2 protein chains.
Amino acid sequence: MEAVTIKDIARALNLSTSTVSRALRGSYEINPETKRLVMEYAERMNYRPNPIALSLKENRSRAIGVIVPQIANHFFSQAINGIEAIAYNRGYHVIIFQSHESYEREVVTVQQSVSRKVDGLLISLSSQTSDVSHLKELQDKGFPLVLFDRVSDQLDTPRIIADNYQGAFEATEHLLQTGRRRIAHLTIPPWMSITQERLAGYKDALASYDVPFDEDLVRYCGFGEDVVGPMVDELLAVTPAPDAFFTASDRLALGCLAALRKRQVAIPETVSLIGFTNLNVADLLSPSMSTVIQPAVEIGQLAAERLIELIERKQKAAPAGTVKIPARLVVRESSIREPPE
Amino acid sequence: MEAVTIKDIARALNLSTSTVSRALRGSYEINPETKRLVMEYAERMNYRPNPIALSLKENRSRAIGVIVPQIANHFFSQAINGIEAIAYNRGYHVIIFQSHESYEREVVTVQQSVSRKVDGLLISLSSQTSDVSHLKELQDKGFPLVLFDRVSDQLDTPRIIADNYQGAFEATEHLLQTGRRRIAHLTIPPWMSITQERLAGYKDALASYDVPFDEDLVRYCGFGEDVVGPMVDELLAVTPAPDAFFTASDRLALGCLAALRKRQVAIPETVSLIGFTNLNVADLLSPSMSTVIQPAVEIGQLAAERLIELIERKQKAAPAGTVKIPARLVVRESSIREPPE
DNA sequence: TTTATTTGCGCAATCGTTGTCGGGAACGTT
DNA sequence: AACGTTCCCGACAACGATTGCGCAAATAAA
């Protein structure tokens, strides 16, 4: 509460605040003896510089903000761990915010963190965000900004993502190689970067196996309550019926699994299931779920590194552009099936 | 970047900063016409008061800090959602930090958030924390502090927790009622509040069914990598062998499930399994897992409310004391078994 | 007309810290 | 004795916002 300030030290030692300040930072123009006195007293009184005052003065905070749609998601919490690891090493604090998949919350949160003078911002866009003008503004002002995972090509910032195309291609190819031909793709809103990339991988994999693309097998699923079940029902009703589900997120993968089990659709006998998700329990599910795993920690680390580069060398030499990190397919029970001869 | 300040407005309108400040806060001693001018100009220039400057001046920030061991844990992320809901309603920002189950990180994080002038702190202690003097200090200075979930009775702050005793009692009772007699309890470090409460519930349930307590069936498990498997092995080797596992956290529940499956111990035929966890996938596991669910959102909400009370009426009338919220037992496949006649 | 009162606004201090400037004392140099 | 250096240190302003005080002009009351 009543923290010790430089002023207190100055008063106690009969010095000016400037001298104390300089002594504490070891300036050469202060008598070594005086320095010692000040240092010792400061130590004894447990003096800590007031970061608020510093932020005000220097217009920086040595803190970076992270805005994710939600933290209750393994991909994001792992990414945050990656971010923290790098940031703390480089002397930055990390402040975590959730947009709760809401565009308004995202805008407000961005403004807040900027006015609280974070030195830079790491963002994964909310699913409602299609207009990125709130970020465009920041970027135009030269504010350090890095997007990860859910990015936007309307922004000329560094973008760190998993190789969604490749991941989706491999997942689809795996389903095709095990004889599936009617592969449903349950995915997230169409304007999101990851949706498009994954959809492209899915389509190209189909094409390379000469399987026609069927619009009816692709469903875009919002983030409401209990929206997955009905979608799965719709898909099951398509003719010819799907023989595999490829889903694009934790939530969809779990929702789909729950829905299929409830409807007693046998996995993998009747349909295969594979999710694009970092669930840590994929192994323990019933059946254990095949997944495409994103390198979440690595993405977080890289994003943090890029951001700190941006912050520290304020040159325009901003290394924008997209960094793609390979995703990894892990096959488990939910898609294991002898390839047809 | 170059944010508009009150000074800019003053200059542009040929007024003093005091007048602008007062006009913006609608002070009665400013000419309505002047007010209008200022308001409109501020609006047009998108003026936002600088929170850093305000924090410095008023020694408060309208922000509360939340420190949890880790966010990749459903209980904590739900609790955070509860906290955010209340805080935003009351005009506070929420800043989330992770201690990563490390005492040092916890101490550092507490210091940081305090020196960054959060108005109060919500903490769930790290598993390494047995010494709470870093918090005691704060509390003695009158700093608003509320503990939740993992608390300490060495601190005279409000404490919001699930009824761990009752939850553990019911879980154990359920196992007893389904004929289990050798119930292993795999739990977290012994100095933690929740460990003790749950252990007490477990013991009392045994006692009330006249089942002797066997020290050998209780194991305290650290937070390292791959520590659960060996513990499970040890427990399986005890004679007479356990016929049920009652675990005390997400991590232990999953670890235990994985270990038992790997060793091909039939659940629930050979052993029952029940976890004290808020896993959202308990339903989808193989087998689906019986759990004791903590009212995480509610705990977060209550904790936030208590904290804001503390902050706003700085009276000593601090409503310390413990609030216990009932936990709920959900029985699923992992413990379903006909009661023996 | 003189004296109160109200109205509207500016000055300056404050929060904690740093940076710029400048100045006194002690010393060395001619 | 007069001057230039060096060494230490203090005064002051600044960052953005709020606020107590005071002051001038306008209005009301005497």
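Let's start with one pair. A:Leu186 stands opposite A:Arg219, a residue of strand 7 of chain A. Keep in mind that this is a predicted model.

Which strands does that pair link? Strand 6 of chain A, residues 183–187, runs parallel to strand 7 of chain A, and three bridges join them.

Now zoom out to the sheet. It is open, has six strands, and mixes its pairing. The order in chain A is 7-6-8-9-10-12. Strand 7 (218–220) sits at one edge and strand 12 (328–330) at the other; each pairs on one side only. From one strand to the next, the twist averages 15°.

Next, the whole of chain A. We have twelve helices and twelve strands. How does the radius of gyration stand against a compact globule of 341 residues? The globule would come out near 20 Å; chain A has 26 Å. Along the principal axes, the C-alpha atoms fill a box of roughly 90 × 40 × 35 Å. Buried residues make up 48% of the chain. Of the contacts with a separation of 6 or more, 74% are between residues 24 or more positions apart.

Last, the DNA. DNA strand C is surrounded by 24 residues. The closest are A:Ile6, A:Asn50, B:Ser16, B:Ser18 and B:Thr19. Which helix gives the most to this surface? Helix 4 of chain A, with four residues. Other helices supply at least two residues each: helix 1 (6–13) and helix 2 (17–24) of chain A, plus helix 2 (17–24) and helix 4 (51–58) of chain B. By class, the surface has eleven polar, eight nonpolar and five charged residues.

Definitions and conventions. Residues numbered from 1 in each chain as written. Chains lettered and ligands numbered in written order. Predicted model: local features only at pLDDT ≥ 70, side-chain atom pairs only at ≥ 80, totals over all residues. Pairing = 2+ DSSP bridges. Axes fitted to C-alpha atoms, helices over the stretch in contact; angles between N-to-C directions. Near = placed C-beta within 6 Å. Nonpolar A, V, L, I, M, F, W, Y, C, P; charged D, E, K, R; others polar. Rg over C-alpha atoms; globule rule 2.2 N^0.38 Å. Buried ≥ 20, exposed ≤ 12 C-beta atoms within 10 Å, placed from the backbone. Contact = placed C-beta atoms within 7 Å.
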